[in-house]
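User: I'm new to this structure and would like a close look at one part of it. Could you pick the second chain and walk me through that, then show me how the other chain is put together?

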Amino acid sequence: MATLTGVLARPSGYTGVWSWITTVDHKRIGILYGFTAFAMLLIAGLEAGVMRSQLATADSELIGPGVFNQMFTMHATAMVFNVIMPLSASFFNLIVPLAIGARDVAFPRLNALSYWLFLFGTLLLHAGFLQNQAPDAGWFSYASLTEKPYSANAGLDFWALGLLVLGTSSVAAALNFTVTIINMRAPGMGLMRMPLFIWMTLITSILLILAFPVITVGLIELTMDRNFGTHFFMPQGGGDPLLWQHLFWVFGHPEVYILILPPMGVVSEVLPAFSRKPLFGYPFMVFSGIVIGIMSWAVWSHHMFTTGLGPVANSVFTITTMLIAVPTGVKIFNWIGTMWGGAIEFKTSMLFAVGFIALFIIGGLSGVSHAVAPADSQQQDTYYIVAHIHYVLFGGSLFGIFAGIYYWGPKFTGKMFGEGLGKLHFWLMFIGMNVTFFPMHFVGMNGMPRRVYTYSAESGFQLLNSLSSLGYIILFFAFVVFIINFLRSSKNGAEAGNDPWDAPGLEWSISSPPPAYNFAKIPQVLGRDHFWIVKELAREAGQGPVQAEAHVDERTIHMPSPSYWPIIIAFGVTWIAGGILTHYALSFIGGLIAFVGVVGWGNEPASAQSDH
Amino acid sequence: MAHAVEPAPHAEEEYTTTGLNHRKLLMWVFLGSDCMFFGTLIATYMVYRGQSLNGPYPIDIINVPVTTISTFVLLCSSFAMVQALAATNRDDQKAIRIWLLATAFLGAIFIGFQIVEFNAFKNEGLTLGVNLFGASFFTLTGFHGAHVTLGVIWLLGMAVLAFKGRVGPATALDVEILGLYWHFVDIVWIIIFTLLYLIGGFDTGPLPPSGG
């Protein structure tokens, strides 16, 4: 079997493009996730810009309905699957091993495979643009609009198959992080000593593991309807389009908590650090997260109040949806409790965390308002829903993610962000976000339907829509400021040192950027806010400031070696899916490539040292 | 290719918080995920039970005695798998090879039955597109068959290693993880057999709408 691994000699070295392609280092994979997802954020953001230009004036014919449909579909799909999820995955990769005191994740090569599947799945999803056949049935792609007779071109196939590949990536990553968190904590880190971000990562991973198979089956059935003559969602053959909605939302509602729980975890790390006090009500934060995770399975039909499920189902899902607001409220009060009486420092990261709380409350309240079935039947498919989702996902998730970027960024670049530009970025984003999305509450309540490419001048929607489009311009500049700040500070920023915020987490006890092996010596965890305890003990003992752990020779620490196989398997798997779109022979070749990859992977020891 | 010969150093010396091996934990968590996968496929079948607009209906198609035989074969393969693991633990090289091959062989017989069955159904007019019964039946049992096929390939790969003398107490964990997967696939078939054959196999025409 040495021949197989011998064909592709074991990659080595830590520089150059190949070192990135073959890397299994969680920090590098995290950086790859981060940059790819940020590039997708810009693309999906520009798609939003196209929509806002179309909607800026009444009766506009700037892009027309066809392109508009593609824009809202790809904007939403990309923002959910290619931006917020992978940005969270980026944090999982960068932070989890550091914060639990591990040298890497449990399965470094599986981790690399997750990234490459994510990249190729993203490309497959967007490949429809090359043929002007981008998916155009909305991000939840309701049947039977998505069936062949109503969406004849290949757009929906790109959508379904792209999401299947992305789903494989997400599940692989989630399995990896579940095992890592359960099994790789440093000695002394009991479950109730884990940082809250790690808890939220664990809950999110479990949700992913259980929710993605449901949408996988839905996507397979949709693909079979479109390509193999079945009638799962087609009434002509007895199928029920509502089954698609059930499958989609049984996945889709846990999915929205998959999008929000990691940023909630980030905020729960940032607030204590800048309030100079431990997280308020830690056990309540943990258990409210678990309760949210469990209850997220019992609320899906609130997306379907207008489909005629009957009064019993509507009442039950109204009640469960209102109940899930309780653990969410617990979290918000605990965040406020954390800040209460603290010595608050309003660094950029803290501003984003506080902005998160404010905007998420607004989004949460509008969410409770459509928990009420009768009210929801008025709000369904209006801009009121668009306002809600952007307050929770932009004002919530994305603000939380930016809080994390400003908080943990210096750990990985080794340089401080410019605070002036950072604050400018925050205020532009905060104002722009509200100018864009707050008016949507009103146009929505006045009856403007979402997903319609234009509106008439008599409707009276013109003024508020122009305001939303103006807000988009502000947001555009907010991102320009962020990019300038990032480029400038990663080149000329002040040295960060290992612990710029005097923070409590384990990750701050090692140098910035961390060495490849993270911890020369696996730490013994002393308590919930480990590094604060260490620093306090040093102060009491009259020692000087605690220094970062000294670097040691990398060769003395046994680390997993780079590997070619993850990218090869990911390439093969993507062609299995791509072949269904083009020619089945390509699926077969893709399967062969993946099989060779799996055999090669299986025969390759996890680290090169034990090879010879 | 040292890792299968001697106790894999990265696996054996590794500190884990729970004391459970990473790969074993990974398999358990993955099986949780696979439960949801089959659960959704089974749910699709049950939702569409009796909803087909036209025949052939299960009563016209399903042959319970034949599938009972293949079910028995698959359950026997689980017994062989248990024996393979036991042989691995006591380092009985001959028994390891026999029981691994026996497991793969029984799995392959099950697949053979399924191929024959699918062909017979097709000849009787049951296709993916003909009605909801065909669509949900073939999708569910097809994905189960794919799982069994994957298991057979894995078993054969393990058998190749066994013939090279690379399977023994030091690599018992590899066999155990394979066994977890194999038993899971068997258990799923017990549920499928019960629902699709023993209960649903006698469905005639469209069922009247239920009271709920």
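Analyst: Let's start with burial: chain B has 212 residues, and 35% of them count as buried, where buried takes 20 or more other C-beta atoms within 10 Å of a residue's own, exposed means 12 or fewer, partly exposed is in between, and C-beta atoms are placed from the backbone. Bear in mind that this is a predicted model, where local features need pLDDT of at least 70, side-chain atom pairs count only at pLDDT 80 or more, and totals for chains, interfaces and linings use all residues. As for names, residues are numbered from 1 along each chain as its sequence is written, while chains are lettered from A and ligands numbered from 1 in the order in which they are written.

Chain B has seven helices and zero strands; helices (H or I, at least four residues) and strands (E, at least two) are DSSP runs, numbered from the N terminus. The C-alpha atoms of chain B fill a box of roughly 60 × 35 × 25 Å along the principal axes. Take the contacts in chain B with a separation of 6 or more: 86% of them join residues 24 or more positions apart, a contact being two C-beta atoms, placed from the backbone, within 7 Å.

Now zoom in on B:Gly142, which sits in helix α6 (residues 132-163) of chain B. B:Gly142 has 14 C-beta neighbours inside 10 Å, so it counts as partly exposed. From B:Gly142 to B:Gln114 is 28 residues in sequence, yet 8.7 Å in space, C-alpha to C-alpha.

Over to chain A, and two of its helices. The axes of α7 (residues 196-227) and α8 (residues 241-275) of chain A come within 8 Å and cross at roughly 165°; axes are lines fitted to C-alpha atoms, for helices over the stretch in contact, with angles from 0 to 180 degrees between N-to-C directions. That is why α7(A) and α8(A) are roughly antiparallel to each other (over 145 degrees; under 35 is roughly parallel, 65 to 115 roughly perpendicular, the rest oblique). The residues of the contact of α7(A) with α8(A) divide into 24 nonpolar, five polar and two charged. Here Ala, Val, Leu, Ile, Met, Phe, Trp, Tyr, Cys and Pro count as nonpolar, Asp, Glu, Lys and Arg as charged, and the others, Gly among them, as polar.

Finally, the domain assignment of chain A, automatic or from a database, gives domain 1 (27-560) and domain 2 (561-612). Their C-alpha centres lie 29 Å apart.
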